[in-house]
Amino acid sequence: MNLNFLGWSDFFTHSFAPYRQQGFSVGRVAIEYRNTYIIYSEQGELTAEVAGKLRHQATQPQDFPAVGDWAIVQARKSEGRATIHGILPRKSKFSRKTVGSKTEEQIVAANIDTVFLVCGLDGDFNPRRIERYLILAWESGANPVIVLNKADLCNSLEESVSEVEAVALGVPILVLSATNHQGLDALKSYLQPGQTVALLGSSGVGKSTITNQLKGASVQAVQSVRRGDDQGRHTTTNRELILLPTGGLIIDTPGMREIQIWAGDESLQGTFADIETLAAECRFRNCQHNHEPGCAVQQALLEGELDFSRFLSYQKLQKELNYLVRKQDKRAQLAEKERWKKINKAMRNHHKY
């Protein structure tokens with residue numbers, strides 16, 4: 001396989017140079033299973049496992065390869081297998097907090113150029129969910145594009161698009177009906193040779209249908225949504241990097257029922273630029289936008305210039321991010337405390353001899 005068609009660029013060439021001199025080759029992670037990976041490389045498709053040294057040195061989940069990563073490998077072409085010894089620095093990554101109580105980063109897709117945030121225009125339409133996805137998209141380093149699918153099931157298309165425009169300031173919005181083959185051509189400009197797009201969205205929004213239409217073949221299983229609530233079932237069970245006839249690449253992902261935020265304050269500010277602009281006009285710099293005099297945000301709410309539900313979403317996400325920062329700081333403090341305990345124990349043992 002030609003590396004350029006897999007998304008290789010000068011960014012990775014520079015990072016890989018010292019490994020090339022040591023005799024390593026490189027491949028892109030296409031599928032991630034529990035303990036093995038499928039790698040696309042110049043030697044073809046390889047089944048790979050992480051080297052023991054890399055597994056031992058990894059301290060966090062993001063230290064392991066993710067779909068879209070460029071892996072440093074030793075390939076055994078005759079066996080169709082490889083060993084992963086490391087991963088090259090990522091130029092972008094779409095992450096979320098792991099589901100559950102652990103405060104850890106889960107990388108959904110790496111080295112992506114564009115994120116298609118797919119939302120259904122059926123009963124599952126939810127602008128608040130789009131706001132959450134946008135925060136993660138801005139944090140990723142890739143360019144977000146809103147894809148509104150199932151236009152054939154929408155009775156108020158203009159109104160729905162207007163709602164999305166109000167929360168996705170300056171972000172391209174594409175409207176299509178994948179099952180009816182309508183509007184798909186607008187996606188192809190983002191899928192030029194070597195360009196990688198990640199499809200993100202909840203279950204049942206049509207990500208697998210879009211992938212199949214762009215591929216021109218049924219590479220992903222498709223199931224209908226449940227009647228009554230328009231909720232979909234998970235049809236994509238593994239994240240997968242798929243090569244398209246255009247030369248572009250798509251990373252299809254399982255639907256996310258729970259969008260756990262993993263981002264910084266800048267991504268929140270970018271998603272809610274309208275509220276941040278208003279906040280800069282408040283009389284007090286530390287204005288909480290509740291009952292303070294001279295609050296430009298409250299004035300905009302009173303005058304109907306700012307949607308109240310959007311403001312509530314902003315406050316809720318701000319609290320989530322603040323909580324995440326506190327949890328990360330606490331975890332860092334505990335890790336540092338544990339590190340010094342090990343150092344002191346090693347020093348005591350050393351003095352015994």
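At what angle do helix α3 and helix α4 pack, and how far apart are their axes? Select residues 127-140 for α3 and residues 157-167 for α4: the helices pack at an angle of about 35 degrees, with axes 10 Å apart. The model is predicted, with local features requiring pLDDT of at least 70 and side-chain atom pairs pLDDT 80 or more, while totals for chains, interfaces and linings use all residues. Numbering starts from 1 along each chain as its sequence is written, and side-chain values use heavy atoms, without hydrogens and water.

Helices (H or I, at least four residues) and strands (E, at least two) are DSSP runs numbered from the N terminus. Axes are lines fitted to C-alpha atoms, for helices over the stretch in contact, and angles run from 0 to 180 degrees between N-to-C directions.

Next, display the side chains at this contact (heavy atoms within 4.5 Å). Pro127, Arg128, Ile130, Glu131 and Leu134 of α3 meet Glu163, Val164 and Val167 of α4. Five of the contact residues are nonpolar, none polar and three charged.

Now move to strand β1, residues 25-32, where seven of the eight residues are buried (under 20% relative accessible area, 1.4 Å probe, protein chains only).

Finally, select β4, residues 70-76, which runs antiparallel to β1 and is joined to it by four bridges. Here tryptophan 70 is the bridge partner of arginine 28.

Notes. Nonpolar A, V, L, I, M, F, W, Y, C, P; charged D, E, K, R; others polar. Buried < 20%, exposed > 50% of the residue type's maximum accessible area, 1.4 Å probe, protein only. Pairing = 2+ DSSP bridges.
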